[in-house]
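Please look over the sequence and the structure shown here.

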Amino acid sequence: MTEKSGIYWLWLSVVVFGVDLFTKYLVVKSFALYESISILPIFNLTYVRNMGAAFSFLADHSGWQKYFFISLAVIISTVLIVLLSKNRYSQKLSNSAYALIIGGALANGVDRLYNGYVIDFLDFYWDIYHYPVFNIADIGIVVGAGLLILESFLDGKKKKKSD
């Protein structure tokens with residue numbers, strides 16, 4: 001009997017995709033643009049629109065960046081799906097990382113395609129210093145990238161032990 005491939009882990013992409021789009025829907029229905037509600041002394045829910053990418057990268061350009069970021073999300077997701085199909089099911093760390101990135105990239109891509117921008121609403125700050133507002137898809141992408149970094153360190157340790 002052959003082992004399942006990493007494609008099985010796409011369920012995680014669906015979860016990130018669904019939770020992200022659902023939370024964005026709730027924010028748009030419940031908040032006016034730039035409205036902010038304090039939840040904790042270091043955290044607000046704040047409705048903003050991001051025309052660019054992380055940290056509003058390329059946000060001030062004429063609109064071509066929308067298509068660039070949508071294309072990038074599709075290309076990256078396609079490559080990661082191919083990698084998932086080649087991975088064994090048991091490669092849990094890399095499979096979950098790829099799936100998180102796919103879910104986040106596609107959710108932000110759909111948001112950008114439908115709205116022309118990405119809806120962000122998680123606003124962490126300390127005193128007057130605000131971290132850029134982000135969303136659930138961004139969390140999926142960052143956690144996925146972090147898992148890939150962790151895996152590279154763990155693989156390095158395994159290689160040193162076997163030497």
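Which element gives the largest share of the nonpolar patch? The largest share, three residues, comes from β1. This is a predicted model, in which local features need pLDDT of at least 70 and side-chain atom pairs count only at pLDDT 80 or more, while totals for chains, interfaces and linings use all residues. Residues are numbered from 1 along each chain as its sequence is written, and side-chain values use heavy atoms, with hydrogens and water left out. Helices (H or I, at least four residues) and strands (E, at least two) are DSSP runs, numbered from the N terminus.

**Nonpolar patch**

- The patch on the surface consists of I37, I39, L40, I42, F124, W126 and Y131, with about 700 Å² of accessible area together.
- β1 and β3 are the elements that give two or more residues to this patch.
- Accessible areas come from the Shrake-Rupley method with a 1.4 Å probe, and for residues only the protein chains shown count as cover.
- F124 lies in strand β3 and counts as partly exposed because its relative accessibility is 34%; buried means under 20% relative accessible area, exposed over 50%, and partly exposed in between.

**Strand pairing**

- β1 and β2 run antiparallel and are joined by four bridges; two strands pair if DSSP finds at least two bridges between them.
- A hairpin through two residues links β1 to β2, and S36 stands opposite T46 in β2.
- β2 and β3 also run antiparallel, with six bridges, and D123 in β3 is the bridge partner of N44.
- Strand β2 (residues 43-50) is largely enclosed by the rest of the structure, because six of its eight residues are buried.

**Helix α3**

- The 24 residues of α3 (residues 92-115) should span 34 Å at 1.5 Å a residue, and the end C-alpha atoms are 34 Å apart, which agrees; the expected span is 1.5 Å times one less than the number of residues.
- Of the 24 residues of α3, 17 are buried, so the helix is mostly covered.

**Positive phi**

- Most residues other than glycine have a negative phi.
- Y34, in the loop between α1 (10-30) and β1 (36-40), has a positive phi near 70 degrees, and at 59% relative accessibility Y34 counts as exposed.
- D127, in the loop between β3 (118-126) and β4 (129-130), has a positive phi of about 60 degrees.
- D127 is exposed because its relative accessible area is 60%.

Terms used:
Buried < 20%, exposed > 50% of the residue type's maximum accessible area, 1.4 Å probe, protein only. Patch = residues over 30% accessible without salt bridge, like charges linked within 9 Å, V, L, I, M, F, W, Y side chains within 5 Å. Salt bridge = Lys/Arg side-chain N within 4 Å of Asp/Glu carboxyl O.
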